[in-house]
Amino acid sequence: MTDTLPLNPSHAADSLPTSVEAEQGQPDFRSYIKGMTFFDPHVHMTSRTTDDYQAMADAGIVALIEPAFWLGQPRTGLATFKDYYSSLVGWERFRSSQFGIKHYCTIGLNSREANNEALAEQVMEILPLFLYKEGVVGVGEIGFDDQTAAEEKYYRLQLELAKEANLPVQIHTPHRNKKLGTERSMAIALEHGLDPSMVIVDHNNEETVKSVLNQGFWTAFTIYPFTKMGNERMVEVVRQYGPERIMVNSAADWGISDPLAVPKTAALMHLKGIPEAHIRLVTYQNAIDAFARSGQINTADFTDVLPIDQSQTFNGNTVLRGGQQPRIDKNDLIIR
Amino acid sequence: MSLIHVFYELIKNSATQQEQQWLTTKTAASTPALLAAFVATPRFIGRHAIQITEKNRSELADLVPDWPIESWTLDRLCRVFLLLYLESHDKTAYIRSIETLFDTAELQELVALYSALPVLAYPEHWVFRATEAVRSNMGPVFDAVALGNPYPAAHFSEAAWNQLVLKCIFNDKPIHRIVGLDQRANQQLADNLSDFAHERWAAGRQVPPQVWRLVSKFMNETLFEDIKALFSSPVLPNQQAAALVSAEMDYEPAHQGLGAYPDWKKAIRDGALSWQMLES
């Protein structure tokens with residue numbers, strides 16, 4: 001199912017030749033963002049390969065947030081939820097660290113699986129075991145899919161959990177009836193007394209952005225081919241609304257998606273004349289400011305080159321640094 | 001002096017007043033609050049290297065020998081400290097509490113839990129759990145059990161022990177940091193090591209020279225062929241390893257072999273050549 005999006009009227013008016021160049025000549029986008037660092041606040045690494053981590057690190061991504069989500073088919077028991085949450089704070093965290101990328105996550109019961117009420121009840125019981133973990137920066141991604149009564153029930157219950165834990169909320173807005181679903185998600189959050197500065201409303205588009213910004217929420221955009229935002233449209237959104245409270249993510253997952261969407265969008269913004277300071281806000285700093293409200297983000301963890309955990313350095317033995325993976329040349333025919 | 005006391009002295013070296021206060025409150029708390037404190041530790045305790053004095057070291061060694069904790073961070077130390085306060089009289093409840101912590105642990109919690117194995121109650125109960133860490137591909141989790149931890153040497157079966165050592169070698173870990181390495185060396189491990197070396201050589205890869213320290217006491221014809229191969233290796237540390245093995249083993253052909261290398265023999269006698277030199 002795709003969103004119903006209007007054609008973007010503004011990108012055609014842009015006279016810079018670079019979008020054509022980008023389509024035809026494939027210049028390396030990395031050359032436009034040299035030395036920049038990025039924070040992708042929504043990416044499902046569980047569904048991605050280790051090569052993606054390497055490419056993300058090469059493109060300047062230093063930290064990311066992996067929201068708990070739907071795995072593509074319904075889970076049938078509590079144990080698989082537990083193992084999934086556990087992997088977000090365990091294995092995935094380690095996998096990411098091998099590429100020097102700091103891995104955070106948000107933990108929640110996704111909207112689709114909220115519809116299996118018997119299971120949802122059990123999941124609600126174990127959520128607090130994970131919400132207070134180190135590096136858990138929010139409750140998410142939660143919200144509406146079909147916009148059923150069950151989805152609303154567990155959305156409300158999880159808003160209360162977030163309030164109690166003093167954690168930000170990462171809201172997934174639905175693909176279908178998006179405008180209505182977005183408004184409803186915000187109204188319910190306000191009804192529960194959440195401060196909009198503790199709420200990140202995700203998957204916005206040209207139709208929802210104004211209202212979300214006006215109500216004081218963090219306004220996130222997902223650059224995801226075919227069904228969500230394209231990055232040319234994203235450039236125009238930032239040009240029109242400025243960088244305040246806006247952040248870009250990839251939401252890359254098991255679908256046709258792009259884990260480099262954030263750095264690529266930064267490169268396109270650079271080419272289209274968006275000021276560097278604005279690019280930095282929407283591709284790095286705003287996400288940090290929003291999710292740091294959890295108290296779980298220490299920027300030194302990804303601004304310092306060497307890991308600060310002395311237990312992983314072992315007298316300088318690089319093998320045990322828990323650090324970088326050895327590089328292989330992907331273009332080399334020979335595999336050793 | 002109790003373990004709790006020794007740990008508290010260590011914590012005082014490295015923790016602020018505020019951190020110590022938080023810990024003291026939590027040690028007096030109920031079991032659920034204590035478990036929650038274990039999880040929440042990094043919210044209140046820093047993650048920096050701990051300071052350890054000679055006095056701390058010897059006091060700890062009196063209670064738990066061979067437990068080098070100087071590479072720990074403060075949060076790891078405090079988490080293990082909190083576990084020392086867990087009520088252990090009710091075996092079922094105690095085990096359930098620890099298992100729950102394991103089952104829901106994030107990366108740093110796993111490191112702390114596995115680091116605590118030498119001082120958990122009912123030590124025989126945690127053998128399977130410890131072998132799960134050896135199966136782990138998460139580097140820091142594996143290391144927490146395999147290196148600087150006296151639990152495996154004390155409780156692992158020979159098969160589990162050999163897996164641990166072989167996996168360390170396979171992953172180029174510094175085997176000299178395995179506690180009990182020499183004491184638990186065995187024939188099976190020495191034979192496995194020979195097979196492993198042959199595979200590596202066939203692939204054109206190297207074997208870290210210090211691993212040969214594991215074969216000295218278990219020499220047989222096959223292994224001796226390996227040692228001869230090391231002697232003729234162009235890699236100097238391989239020759240040094242061969243010399244060290246030859247000097248240690250009770251195998252007549254080897255001593256004749258070493259006779260051809262008087263320089264090595266002298267270096268070993270003078271202490272100029274030792275396994276420590278090959279540790280990396």
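**Figure 1. Confidence along chain A of this predicted model.** Chain A has a mean pLDDT of 88, with 86% of its residues at 70 or more; pLDDT is the predictor's confidence in each residue, running from 0 to 100. Residues 1–15 of chain A fall below 50, and beyond near neighbours in sequence this stretch has 20 contacts in the model. A contact here is a pair of residues whose C-beta atoms, placed from the backbone, lie within 7 Å. Residues 306–323 of chain A are also below 50 in pLDDT, and that stretch has 33 contacts beyond near neighbours in sequence. Numbering starts from 1 along each chain as its sequence is written, and chains are lettered from A, with ligands numbered from 1, in the order in which they are written.

**Figure 2. The make-up of chains A and B.** Chain A has 12 helices and eight strands, while chain B has 17 helices and zero strands. Both kinds of element are DSSP runs numbered from the N terminus: helices are H or I with at least four residues, strands are E with at least two. Of the 336 residues in chain A, 43% count as buried; for the 280 residues of chain B the figure is 40%. Buried means that 20 or more other C-beta atoms lie within 10 Å of the residue's own, exposed means 12 or fewer, and partly exposed is in between, with C-beta atoms placed from the backbone. Take the chain A contacts between residues at least 6 apart in sequence, and 74% of them join residues at least 24 apart. In chain B, 71% of the contacts with a separation of 6 or more come from residues 24 or more positions apart.

Figure 3. Buried in α7(A) are A:Gly181, A:Thr182, A:Ser185, A:Met186 and A:Ala189. They cover an arc of only 130 degrees around the axis, so they sit on the same side of α7(A); the arc is that of the directions from the helix axis to the C-beta atoms. On the other side, A:Ala187 and A:Glu191 are exposed. The buried residues of α7(A) pack against β4 (136–143), α6 (149–165), β5 (169–172), β6 (199–201) and α8 (209–214) of chain A. Just after the helix, A:Gly193 takes a positive phi of about 80 degrees.

**Figure 4. A cis peptide and a loop leucine in chain A.** The peptide bond joining A:Gly140 and A:Glu141 is cis, with omega about -15 degrees, and A:Glu141 is found in strand β4. A:Leu71 is in the loop between β2 (61–67) and α3 (78–89) of chain A. This leucine, A:Leu71, is partly exposed because it has 16 other C-beta atoms within 10 Å. A:Leu71 and A:Tyr84 are 13 residues apart in sequence and 9.5 Å apart in space, C-alpha to C-alpha.

**Figure 5. The largest nonpolar core.** This core has 156 residues, and those with the most contacts inside it are A:Ile107, A:Val169, A:Val199, A:Val201, B:Tyr114 and B:Val145. It is a set of buried Ala, Val, Leu, Ile, Met, Phe, Trp, Tyr and Cys residues joined through C-beta atoms within 7 Å. The core draws at least three residues from each of domain 1 (3–177) and domain 2 (187–278) of chain B. Leaving out residues up to four places away in sequence, A:Ile107 touches residues including A:Tyr85, A:Phe130 and A:Val139.

Figure 6. The C-alpha atoms of chain B fill a box of roughly 70 × 35 × 30 Å along the principal axes. The centres of domain 1 and domain 2 of chain B, taken over C-alpha atoms, are 36 Å apart; the domain bounds come from an automatic or database domain assignment. Eight residues from domain 1 and seven residues from domain 2 make up the contact. B:Tyr122, not a glycine, has a positive phi of about 55 degrees and lies in the loop between α7 (107–115) and α8 (127–135) of chain B. B:Tyr122 counts as exposed because it has 11 C-beta neighbours inside 10 Å. B:Asp172 also has a positive phi, near 55 degrees, and its place is in the loop between α11 (158–170) and α12 (187–202) of chain B. With 15 C-beta neighbours inside 10 Å, B:Asp172 counts as partly exposed.

Conventions
Predicted model: local features only at pLDDT ≥ 70, side-chain atom pairs only at ≥ 80, totals over all residues. Contact = placed C-beta atoms within 7 Å.
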